[in-house]
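Dear colleague,

I am passing on the structure we spoke about, and below it you will find my notes on what turned up in it. Please read them with the structure open beside you.

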Amino acid sequence: MTTTNAPLILFTSNSSFTPMIIENCQSLGFEPNIICQTNQWHLLLDMVKQDMGVTLLPQYYTQKLDLTGLVCLPLTQPQLKWELVMAWRRHRLLTPSMRAWLDNIRKNI
């Protein structure tokens, strides 16, 4: 099986990650063979563990999940950039927990 026709299991198309994957596949000259889309990352991994296809996950998930029995490789070409954005209502007082969370993000990212 070549990589261009491998069954691909992805997040749903309303995630910001999936359109990036599809666009990059198309820019490389092929249409991805998407067999399933879900918002549940555990289901993505369960399907991969059942040998139903392959998936692409943000590194954040690979650092938090049990990947026993799986081969995980970093994607180097094309390099996908996944940017997160935070938003909250302007002029609204932040709760102490929100301030602590933002402080933690600022220190670690």
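Asp103 forms a salt bridge with Arg106, and the closest N and O atoms of the pair are 3.5 Å apart. Please keep in mind that this is a predicted model. A search of the whole structure finds one salt bridge. Both residues belong to helix α4 (residues 96–108), and because they are three residues apart there, Asp103 and Arg106 are separated by about one helical turn.

The nonpolar side of the structure comes next. The largest nonpolar core has 16 residues, and Phe11, Ile21, Leu57 and Leu65 are those with the most contacts inside it. At least two residues of this core come from each of β1 (7–11), α1 (17–27) and α2. If neighbours within four places in sequence are left aside, Leu65 is in contact with Trp41, His42, Leu45 and Leu57.

Finally, Met47 is found in helix α2, which spans residues 41–49. Met47 counts as buried because its relative accessibility is 9%, under the 20% cut-off. Apart from its neighbours within four places in sequence, Met47 is in contact with Ile9, Cys36, Met52 and Gly53.

With best wishes

Technical notes: Residues are numbered from 1 along each chain as its sequence is written. This is a predicted model: local features need pLDDT of at least 70, side-chain atom pairs count only at pLDDT 80 or more; totals for chains, interfaces and linings use all residues. Side-chain values use heavy atoms; hydrogens and water are left out. Helices (H or I, at least four residues) and strands (E, at least two) are DSSP runs, numbered from the N terminus. Buried means under 20% relative accessible area, exposed over 50%, partly exposed in between (1.4 Å probe, protein chains only). Contact means heavy atoms within 4.5 Å. A nonpolar core is a set of buried Ala, Val, Leu, Ile, Met, Phe, Trp, Tyr and Cys residues joined through side-chain atoms within 4.5 Å. A salt bridge is a side-chain nitrogen of Lys or Arg within 4 Å of a carboxyl oxygen of Asp or Glu.
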